[in-house]
Every structure is written in C-alpha cells, then in structure tokens.
Amino acid sequence: MINPLTRAEAPLASPSHAVAASAVTRRYGEGESAVHALRGVSLELPVGQFTAVMGPSGSGKSTLMHMLAGLDRPTNGRVRGKGVDLCGCRII
C-alpha cells in the first residue's frame, strides 16, 4: 500500500481496489487567499477492507472523502473507482 502522505503517483484502481487516488490536490480560491485542502495525496483502498481516515481538524479528511465518493473534483490529480475515471483532471 502506498503511504497517503507521499507525493508519489499511485497506480489507478485495479480490480482488487475499490478506489484509488493519484497525486490529488484540492485548492479553494485563488491567489494569496487560496486554501490548499489536499496536496498531492495518493492512495489505494482495497476491496473488502475497512479503512480509517484520521487527522486533526482542517487536515482535509472530508475533502478527501468527497473526492473518493465522486462528490467533488480535484484541482489536479486523478481519482478512479473500479475502472471508472471519476475525474479527468490533469496531473501536474
């Protein structure tokens, strides 16, 4: 499994993974007032395995969950679930 805190690009979801994220970033706003909720997150979540996402308030947990569920789109990077590309965003 890839450490979700690394900036390395993860492989996209395979049949053994429910969802995968590759170098996902999410920025709200522009310029000096921009807020970076996620910066280069890569991970793979296996089918049939429980996974916990923990961290302090404001660390991007809800933003990550929204990306993985397809409710929000990353600013950059890619999220795939069971062979379906959830975002065709460019990877920087």
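**Thr-25 and its surroundings**

I started at Thr-25 and found it in strand β1, which covers residues 17–28. I'm keeping in mind that this is a predicted model. Which residues does Thr-25 touch, leaving aside its neighbours within four places in sequence? I got Leu-38, Arg-39, Gly-40, Pro-74, Thr-75 and Asn-76. I then looked at Pro-74: it is 49 residues away from Thr-25 in sequence, yet the two C-alpha atoms are 5.7 Å apart in space.

**The whole chain**

I stepped back to see the layout. I counted 1 helix and 4 strands, and reading along the sequence I noted the order β-β-α-β-β. Of the contacts with a separation of 6 or more, 53% link residues 24 or more positions apart. I also looked up burial: 35% of the 92 residues are buried.

**β1 and β2**

How do β1 and β2 run relative to each other, parallel or antiparallel? They are antiparallel, and I found 8 bridges joining β1 to β2, which spans residues 35–46. One facing pair I wrote down is Val-19 with Leu-45 in β2. The two strands make a hairpin with 6 residues between them. In the turn I spotted Gly-29, which has a positive phi of about 90°.

**The nonpolar core**

Next I went looking for the largest nonpolar core, and it has 11 residues. Among them are Val-19, Val-24, Leu-38, Leu-45, Met-67 and Val-79. β1, β2 and α1 (61–68) each put in at least two residues, and β2 gives the most, with 4. A reminder to myself: in soluble globular proteins, nonpolar side chains tend to be buried together.

**The helix**

Last stop was α1. Which of its residues are buried? I listed Thr-63, Leu-64, Met-67 and Leu-68. Looking down the axis of α1, I saw these buried residues fall within an arc of 135°, so they line one face of the helix. I checked what covers them, and the cover includes β1, β2 and β3 (76–81). After α1 comes Gly-70, and I noted its positive phi, near 80°.

Methods:
Residues numbered from 1 in each chain as written. Predicted model: local features only at pLDDT ≥ 70, side-chain atom pairs only at ≥ 80, totals over all residues. Heavy atoms only, no water. Contact = heavy atoms within 4.5 Å. Buried < 20%, exposed > 50% of the residue type's maximum accessible area, 1.4 Å probe, protein only. Pairing = 2+ DSSP bridges. Core = buried A, V, L, I, M, F, W, Y, C linked by side-chain atoms within 4.5 Å. Arc of directions from axis to C-beta.
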